[in-house]
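Please look at the sequence and the structure below. The paragraphs that follow go through them part by part.

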Amino acid sequence: MSNQYAILLRRSLCFLLLLWGLWTPTTINAQQELGLHLMREVGHSNQTNPAFTGQNGFYIGLPSVYFNYVHTAGSINELVRSDNGANLLNMSTLIRNADEDNLLNVNFELETFNLQYRLGAFGFGISHAAKSTAWLQYSETLPKLFWEGNAQYVGQEVAFGPNQQSIAYHELGLSVSYTLGNLTIGGKAKLLSGIGDVSTDRTEARLRTDDDIYQLSLVTDYRINTSTFDNKIIFDSLSNVGLEYTLDELFQYENLFSSNTGFAFDLGLQYKLGERLDIALSVLDIGQITWKEKLTNFTSQGTFAYDGLEFSNILQDEELSFEGTLDTLEKIFSFEETSNGYSTRLASKIYFSALYQLTDRWRIGGLYYNENFRGRTNHAFALSADMTLTPYLRVGASYVSRNDTYDNLGLNVNLRLGPVRIFGTTDNVLAAFRPFDSRNVNGRIGLALELGALGKAPKAEG
């Protein structure tokens with residue numbers, strides 16, 4: 001893992017820490033991966049539709065890596081600056097950029113293998129990936145309240161409870177597909193093993209400052225559920241949160257096969273109209289994980305009154321270190337601790353796309369993407385064109401509209417040398433070169449071996 005990548009993750013996680021005091025497990029799914037879906041000839045694309053099965057023979061998908069950062073209120077460099085080695089938060093920029101509803105999402109996926117075999121009408125596959133998502137939805141009231149204080153809300157009742165889920169898990173998938181004429185249908189069953197989770201399932205938090213005696217009343221029905229592993233994700237209390245696991249620890253037996261189990265499935269179809277038009281539809285990640293190990297629930301419920309409390313005093317400075325702040329918040333919210341099991345759902349996704357072979361070399365396409373998570377629906381659209389430059393090299397570009405941004409230019413490259421396929425894709429190529437300056441950046445790189453039914457490499461494309 002590169003030092004720059006580690007810095008990006010650490011900075012984004014520090015920002016989550018500021019907003020609610022949760023250091024989330026994200027070094028390893030709102031995951032809008034559009035470019036890969038449009039690369040039908042790459043076997044890894046079956047992650048976005050289990051009906052994509054490719055040619056007869058073996059597809060041996062070697063490790064691939066996917067990363068995604070989305071923050072509607074600002075990029076890393078907009079919100080975090082370094083001063084003499086200390087990471088400082090530009091709170092004024094955050095408050096200026098924040099809308100009524102804001103979303104922060106960081107994803108990382110390491111797919112270790114993706115083995116597929118197709119013979120005639122049938123296709124089979126098995127795959128494994130370690131996945132993680134940090135997802136936070138918050139109102140503009142939250143940073144204003146904790147930085148500028150509650151004096152601005154005298155005589156008002158304001159809601160500020162953030163909605164958050166940070167989850168890391170292993171996914172083992174078994175897929176099957178069948179082709180009947182021009183129609184291919186596919187399905188994938190996925191066994192999930194939870195590594196760790198920090199999430200909210202009740203998010204009511206309302207604050208009122210009396211306009212006469214300036215007494216502060218806090219009304220809450222707020223709960224944070226956690227399931228963490230020793231030496232992997234530390235969450236001893238709200239004021240002792242951290243992340244301490246290596247890749248070796250990540251793949252230890254107790255994480256690969258934990259008692260935090262779940263199940264999910266994908267369904268897809270692909271229909272070819274003649275030799276040129278290809279239409280596909282898929283629904284992914286319908287399922288959940290039940291958490292049973294290393295459980296702690298932090299619950300705040302009731303009405304609490306405080307005299308002379310000014311919320312702007314809670315955050316003393318801009319440095320991203322808030323041990324004292326978290327202690328203060330824990331006392332204000334009067335959290336009670338329990339150890340009850342709970343479940344978390346995955347973010348369900350829908351892909352609908354069409355590709356048209358315009359000429360022998362040129363192909364154009366369109367894609368609609370829908371993701372639903374915790375009552376919030378995100379949409380994305382893409383228009384694409386790709387060209388076969390040589391029998392071994394195909395490149396493509398796409399225009400993408402996603403997360404209320406309309407200036408995303410995607411790029412994908414697909415190179416095959418004999419049995420070896422190397423590919424890379426991003427939905428925002430400019431951001432890929434300047435990730436710290438973008439509010440929306442993602443990308444995937446991968447490697448695979450392709451062997452025919454008798455162990456020979458297939459003929460070059462072209």
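In helix 4 (residues 141-148), the residues Thr141, Leu142, Pro143, Leu145 and Phe146 are buried. Buried here means under 20% relative accessible area, exposed means over 50%, and partly exposed lies in between, with a 1.4 Å probe and protein chains only. Helices (H or I, at least four residues) and strands (E, at least two) are DSSP runs, numbered from the N terminus. After helix 4 comes Gly149, with a positive phi near 95°.

The model is a predicted one, in which local features need pLDDT of at least 70 and side-chain atom pairs count only at pLDDT 80 or more, while totals for chains, interfaces and linings use all residues. Residues are numbered from 1 along each chain as its sequence is written, and side-chain values use heavy atoms, with hydrogens and water left out.

The protein chain as a whole has eight helices and 24 strands. It has 462 residues, of which 55% count as buried. The chain exposes about 19400 Å², and carbon and sulfur atoms supply 56% of that area; accessible areas come from the Shrake-Rupley method with a 1.4 Å probe, and for residues only the protein chains shown count as cover.

Next come the strands. Two strands are said to pair if DSSP finds at least two bridges between them. Strand 5 (residues 102-119) and strand 6 run antiparallel and are joined by 17 bridges. Within this pair, Leu115 stands opposite Ile126 of strand 6. The two strands form a hairpin with two residues between them, and Gly120 in its turn has a positive phi of about 65°. Strand 6 (residues 122-138) is mostly covered, since 14 of its 17 residues are buried.

Strand 6 also pairs with strand 8 (residues 163-180), in the antiparallel sense and over 16 bridges. There Ser127 faces Gly173 of strand 8 as its opposite residue. Strand 8 in turn pairs with strand 9, again antiparallel over 16 bridges, and Ala168 stands opposite Gly196 in strand 9. Strand 8 and strand 9 form a hairpin with two residues between them, where Gly181 in the turn has a positive phi of about 65°.

Which other strands pair with strand 9? Strand 13 (residues 261-273) pairs with strand 9 in the antiparallel sense over 11 bridges, and Ile185 stands opposite Leu269 in strand 13. Strand 10 (residues 216-227) is an antiparallel partner of strand 9 over 12 bridges, and there Ala205 is opposite Thr220 of strand 10.

In soluble globular proteins, nonpolar side chains tend to be buried together.

Charged side chains form the last topic. A salt bridge is a side-chain nitrogen of Lys or Arg within 4 Å of a carboxyl oxygen of Asp or Glu, and a search of the whole structure finds 21 of them. One of these joins Glu41 and Arg394, at 3.6 Å from N to O. Glu41 lies in the loop between helix 1 (3-20) and strand 1 (57-61) and Arg394 in strand 21 (residues 393-402), so this pair ties together parts that are 353 residues apart in sequence. Both Glu41 and Arg394 are buried.

Another salt bridge links Arg206 and Glu157, whose closest N and O atoms are 2.8 Å apart. Arg206 is in strand 9 (residues 183-209) and Glu157 in strand 7 (residues 157-159), distant parts of the chain that are 49 residues apart. Are these two residues buried or partly exposed? Arg206 is partly exposed, at a relative accessible area of 24%, and Glu157 counts as partly exposed at 44%.

A further salt bridge, of 3.1 Å from N to O, is made by Glu450 and Arg416. Glu450 lies in strand 24 (residues 440-451) and Arg416 in strand 22 (residues 405-417), so the pair ties together parts that are 34 residues apart in sequence. Both Glu450 and Arg416 are buried.
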